[in-house]
Amino acid sequence: MSEPLLLGLGLRASYVLRIGEVRAVDGVDIEVPRDAVVGLAGESGCGKSTLVNVLLANIRPPLRIKSGKILLDGVDLLEMSREEVRKKVWGVKVSYVPQSALNALNPTKRIIELVKDAITQHTPATDQEVVSLCKRRLEELNLPTDSIHKYPHELSGGMRQRVIIAISTLLNPRLLVVDEPTSALDVSTQKQVLKMMLDMKRNRIIDSILFVTHELPVLRQVSSHVYIMYAGKIVEYGPADSVFFNPLHPYTKALMYSVMTPEPETRERGLVAIPGEPPSLLMPPQGCRFHPRCPYVMDICRSSEPRLVPVGEGRGVACFLHHSEVAS
Amino acid sequence: MLEVKNLSKVFTVGLFSRHRIEAVKNVSMNVSRGEIVSLVGESGSGKTTLCRMILRLLEPTSGSIKYDGVDVTRLKGKKLKWYWRKVHGVFQDPYASFHPFYRVEHILYQAFNLLPGLSEEEKKIRVHEALKMVGLNPEEVLGKYPHELSGGMRQRIAIARCFILDPELIVADEPVSMLDASTRVGIIKLFSDLRDRMNSSVIFVTHDIGLAYVVSDRVLIMYKGVIVEEGDPLTVMDNPSHPYTRRLREDVPLLYRKWEGF
Ligand SMILES: Nc1ncnc2c1ncn2[C@@H]1O[C@H](COP(=O)(O)OP(=O)(O)OP(=O)(O)O)[C@@H](O)[C@H]1O
Ligand SMILES: Nc1ncnc2c1ncn2[C@@H]1O[C@H](COP(=O)(O)OP(=O)(O)OP(=O)(O)O)[C@@H](O)[C@H]1O
Ligand code: SF4
Ligand SMILES: [Mg+2]
Ligand SMILES: [Mg+2]
């Protein structure tokens, strides 16, 4: 077995505010294998984007990292200075397309100028070489090469997102991290963006993708592994199909019952609402964080916190219902 | 119950060039008692414009709207109030339709402007019952301001207003598109509760074909201002006739089937 591409261990990070600490990442272990598409799912505010920023060592106040280790290709990112990470890691070993990337590009610069700004510190290539590098990459991915001379707003949402992803990986980083890359797009445009990312993996432009979204059907289409996050913690992980079709954690089960797709199975299965509201991360519930909403809650769930334990076949779950199985 | 006939809306924009936008073109549709009808279409297809005309918040350019046989297209004053008691709107972001300075209590009591003749005691009972119906604790929420509630709770308040008014038809324009998947289901169930308990009809506007498929008795597919296809959701998905619907079916991510070549 080869060493994982990205490994986060014992990660804890909080937004330190005057009113208290928002414990958005609270003891997370996560692994992105090589040649994989890892999905990270969970409802709004559970800490997905924060976890991604932590994994990329992109930590700025009020966010503070409390503990943990991040190994990217064997290198511990938390041992490096921010300057070193910026120079040697971002854009080189890992590229990141943040949640709001679609609307966050500097509107006064053409795409090619944005690329040059981002890339010069990483490569000795001349401007001319960067231009031809860009064009070749766009061609390879069947995108119009003249888009590099356009301003961001001159491209449609879907085209802009594809161009952003294509050029942010110009230096062939091993890992691409995308945060809700298609949530603002209509389904047809979404499919094109997803297809392009998988093509990039097939063409070995990248090895693996860490894909953040709250949309499970999207993950079903693209991911090989999934992590389910709830209130700052990973509650379940495993190979995508086994998590989707045999969810073990009550929260994962509940999420599956809230998915609405136009398929007969969905209609037959019916919809089940999760009672209550997601917890505040300023004052998360004692014990299992899902216990106030869990239909299977037991006494122990209110006082102790279930650890994330492996249950075989590459799966893990943080729920007392499954701890006893392990014990017996 | 509701009969929309050849309804159109043309917006003219621009000061000099007078550009015309045909947002809704010659739309005819019906809704029967107790029916849940979904209106599905991409962004800009005219869904909101159509809803606003049905709700009589926007003047149609041409065509007619009949309710229980009465032509309501140009109703005014008292008669329009009668119509608004029967047909009620729920919108995407209830925050925008709530006055931020008023507490939930005040917001809910405003509904009684359309329901004269109730005693204070009766009003109180209705408000409390409506809140319980939508899964909220009256003691907890009545004193709160809209910004102190989550998006899901605000949408529950908007639906509690429906339970108070007991409308015959609810026009819900993307009521869950701002909410999380897990919260969505709870809200959608409230609409089917309204139908089951009060035999209300619902027009559900959404760009989410999956949602329409799961909750509705009938779907209308809208494309560029025109209703291009309608039928029961299973037939429409199994046998889409319009190219837009076919593309929708091919491109929407499913849970139980994987795309080819992915
Ligand atoms: N800059 C910040 N300062 C304080 N709190 C923050 C900040 N950014 C995020 N949070 C809080 O941290 C928690 C996790 O937020 P995060 O953005 O990581 O969630 P998410 O899972 O990505 O949500 P979404 O699906 O809505 O993108 C939330 O409670 C959020 O309110
Ligand atoms: N007040 C207005 N003045 C001018 N044009 C308008 C106005 N309201 C809507 N339009 C135009 O009419 C068309 C239909 O808009 P509408 O808001 O009804 O679409 P929609 O289907 O509700 O879209 P969405 O899914 O984005 O809510 C669009 O081209 C829109 O720009
Ligand atoms: S630990 Fe208990 S409360 Fe938590 S998910 Fe499992 S059964 Fe439910
Ligand atoms: Mg996020
Ligand atoms: Mg609309």
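What radius of gyration would a compact globule with 328 residues have, and what does chain A have? A compact globule of that length would come out near 20 Å, and chain A has 21 Å, which agrees. The radius of gyration here is taken over C-alpha atoms, and the globule rule is 2.2 Å times the number of residues to the power 0.38. Everything here comes from a predicted model, where local features need pLDDT of at least 70 and side-chain atom pairs count only at pLDDT 80 or more, while totals for chains, interfaces and linings use all residues. As for bookkeeping, residues are numbered from 1 along each chain as its sequence is written, chains are lettered from A and ligands numbered from 1 in the order in which they are written, and side-chain values use heavy atoms, with hydrogens and water left out.

Now for the rest of chain A. The C-alpha trace spans about 65 × 50 × 45 Å along the principal axes. Of the 328 residues, 53% count as buried, with buried meaning under 20% relative accessible area, exposed over 50%, and partly exposed in between (1.4 Å probe, protein chains only). If contacts between residues at least 6 apart in sequence are taken, 64% of them in chain A link residues at least 24 apart; a contact means heavy atoms within 4.5 Å. Chain A exposes about 14,300 Å², and 52% of that comes from carbon and sulfur atoms. These areas come from the Shrake-Rupley method with a 1.4 Å probe, and for residues only the protein chains shown count as cover.

Charges in chain A come to 39 positive and 36 negative side chains, with the centres of the two sets 3 Å apart. Lys and Arg count as positive and Asp and Glu as negative, while His and the chain ends are not counted. Each charge is placed at NZ of Lys, CZ of Arg, CG of Asp or CD of Glu.

Zooming in on strands, chain A has an open sheet of 4 strands in the order β2-β1-β4-β5, paired antiparallel. Its edges are β2 (20–32) and β5 (75–76) of chain A, each pairing on one side only. Strands count as paired if DSSP finds at least two bridges between them. Strand β4 (residues 63–72) of chain A is joined to β5(A) by 2 bridges, and A:L72 has A:V75 as its bridge partner in β5(A). Elsewhere, β11 (residues 309–312) and β12 (residues 315–317) of chain A pair antiparallel over 3 bridges. They make a hairpin with 2 residues between them, and A:E313 in the turn has a positive phi of about 55°.

Over in chain B, there are 11 helices and 10 strands. Chain B has a radius of gyration of 19 Å, close to the 18 Å from the globule rule for 262 residues, so it is as compact as a globular protein of that length. Of its 262 residues, 53% count as buried. One of the residues in helix α11 (residues 243–251) of chain B is B:T245, which counts as buried at 0% relative accessibility. Leaving out residues up to four places away in sequence, B:T245 touches B:I221, B:E229, B:V236, B:M237 and B:P240.
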